[in-house]
Amino acid sequence: MNPVTAFTIIMLIWAISDFVSKKTKSLISSLLVASIIFLVGFKTNIFPEDLLSSSSLLALGQTVVGFIIVHIGTMISLDELKKQWRTVVIGVAAVLGIAAFLFLIGSFFLDENFVIAAIGAISGGTISVIIVQESALASGLLLVAVFPVLIAAFQGLIGFPLTSLILRKEANRIKGEYRAGNIQTEKAEVHHDEAKTMMPKELQTTAGTLFVVGVVVMLSIYIDTITNGVLNTFVVALLFGIALRAFGVIKPNILSGIDAYGLMMLAILIIIFGPLATSSVDDLVALIGPLCIAFAIGVSGSVAFSAVMGKILGYSVSMSIAIGLTTLYGFPGTMILSQEAARSVGENEQEIAAIEGQILPKMIIAGFSAVTITSVVLTSILAELIH
């Protein structure tokens with residue numbers, strides 16, 4: 001296919017997907033809409049098999065994965081992690097619960113490769129899916145590569161309504177505590193560090209920023225090579241991002257605001273749709289059963305582990321489970337659901353502020369930090385077991 005035509009078609013698909021997502025307040029994710037369009041297009045031969053590769057976005061996405069991981073690292077504030085350390089521990093417990101349940105129970109129903117793919121997809125986002133896919137495709141396992149795409153597409157449909165119900169229960173509990181005088185009015189704030197950086201102004205341009213991040217990724221690849229993969233490129237890149245932000249070498253959210261960021265993110269997302277082009281309809285239908293099993297067992301593990309850990313650390317069961325369920329979606333879902341719960345339960349501005357102040361910081365930290373770090377590290381380790 002002509003590269004310009006392929007690129008234009010993909011941009012149209014994403015425009016439609018974003019429109020539907022915004023109209024449904026993210027209940028129907030753009031990822032689900034795009035997955036359906038690509039799937040129908042490929043299986044009806046409306047789209048040629050080389051649509052993604054012809055657009056050049058696939059090659060770009062594979063090149064900049066490490067850049068996006070460094071960026072994710074710079075989104076994580078060590079100060080916020082310290083303040084919300086109990087939330088971090090519950091988020092880590094939720095990811096470990098997903099892995100434990102899927103290995104201990106899921107292995108009775110699913111092949112080990114599918115178990116690993118499910119752990120990566122349910123516990124994390126796009127990056128975890130890509131890590132699993134790379135290992136699966138390297139081993140010639142097309143269905144294993146497709147499986148996390150389907151999980152990622154349907155995560156929001158499960159996570160949003162479930163979390164909404166649980167957060168409303170938590171909001172009612174907090175309202176009762178507030179009315180009893182046990183909670184002071186506290187306006188929730190999502191902290192954003194000032195854009196401090198040691199980088200000279202000459203390197204704070206689009207090209208300069210990409211150069212600096214590229215050097216970090218190259219160093220991460222080198223460390224992976226000299227350690228024979230013991231220290232995975234993605235894990236090292238993530239840790240570099242966190243450390244470089246913490247020491248003020250590079251600013252928070254390093255790629256935000258540069259001209260190339262939006263296109264880079266689209267290119268990253270395009271990667272996960274690649275296996276859909278060559279998988280058969282029968283193969284996809286055969287994955288419906290494993291998909292339901294993976295969700296049932298994985299989400300149960302998240303709920304069980306987060307509830308127990310939250311109880312130990314003094315959180316309510318409902319708040320703990322909500323934190324665990326952030327594995328099924330990320331920002332801005334964590335913010336939207338928290339604010340909706342506060343507005344639906346609070347009867348005046350003071351109550352709404354009090355509820356938000358208790359819920360929102362925990363949900364933001366859980367979705368942005370604890371789950372992201374644990375999922376990327378765990379998935380990188382488990383992906384090596386795919387064969």
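This report walks through a predicted, all-protein model, from its overall build down to a handful of individual residues.

Some ground rules come with it: residues are numbered from 1 along each chain as its sequence is written, and side-chain values use heavy atoms, with hydrogens and water left out. Since the model is predicted, local features need pLDDT of at least 70 and side-chain atom pairs count only at pLDDT 80 or more, while totals for chains, interfaces and linings use all residues.

**Overall build**

The protein has 17 helices and zero strands; helices (H or I, at least four residues) and strands (E, at least two) are DSSP runs, numbered from the N terminus. For 387 residues, a compact globule would have a radius of gyration near 21 Å, and the protein agrees, at 21 Å. That radius is taken over C-alpha atoms, and the globule rule is 2.2 Å times the number of residues to the power 0.38. Along the principal axes, the C-alpha atoms fill a box of roughly 65 × 55 × 40 Å.

Buried residues account for 53% of the 387. Here buried means under 20% relative accessible area, exposed over 50%, and partly exposed in between (1.4 Å probe, protein chains only). The protein exposes about 16,900 Å², with carbon and sulfur atoms supplying 65% of it; these areas come from the Shrake-Rupley method with a 1.4 Å probe, and for residues only the protein chains shown count as cover. Of the contacts between residues at least 6 apart in sequence, 81% join residues at least 24 apart, where contact means heavy atoms within 4.5 Å.

**The core**

In soluble globular proteins, nonpolar side chains tend to be buried together. In this model the largest nonpolar core has 116 residues, and F38, I122, F147, I151 and F273 touch the most other members. Such a core is a set of buried Ala, Val, Leu, Ile, Met, Phe, Trp, Tyr and Cys residues joined through side-chain atoms within 4.5 Å. Helix α9 (residues 142-179) gives the most to this core, with 14 residues.

So who sits around I122? Leaving out residues up to four places away in sequence, I122 touches I98, L102, I151, Q155, A294, F295, G298, T327 and L328.

**Helix α10**

Next up is α10 (residues 206-226): at 1.5 Å a residue, its 21 residues should span 30 Å, and its end C-alpha atoms are 30 Å apart, which agrees. The expected span is 1.5 Å times one less than the number of residues. Buried positions in α10 include G208, V212, V216, S220 and D224, and what covers the buried residues of this helix includes α4 (57-74) and α11 (233-246).

T225, also in α10, is exposed at 52% relative accessibility. A polar atom of the T225 side chain lies 2.9 Å from the backbone oxygen of I221.

**Loops around α3**

N45 is in the loop between α2 (30-43) and α3 (51-54), while S56 is in the loop between α3 and α4.

S55 lies in the loop between α3 and α4. The backbone oxygen of L52 is 2.7 Å from a polar atom of the S55 side chain. Apart from neighbours within four places in sequence, S55 is in contact with P3, A6, F7 and I10.

S318 belongs to helix α15 (residues 317-325). With residues up to four places away set aside, S318 touches I166, K169 and E170. Its side chain makes a polar contact with the side chain of E170, at 2.6 Å. A polar contact is a pair of N or O atoms within 3.5 Å; within protein, one must be able to donate a hydrogen and the other to accept it, and residues adjacent in sequence count only if both atoms are side-chain atoms.

E80 sits in helix α5 (residues 78-83). How far apart in space are E80 and P361, C-alpha to C-alpha? They are 9.1 Å apart, although 281 residues separate them in sequence.

| Residue | Relative accessible area | Class |
|---|---|---|
| N45 | 67% | exposed |
| S56 | 47% | partly exposed |
| E80 | 15% | buried |
| S318 | 8% | buried |
| S55 | 5% | buried |
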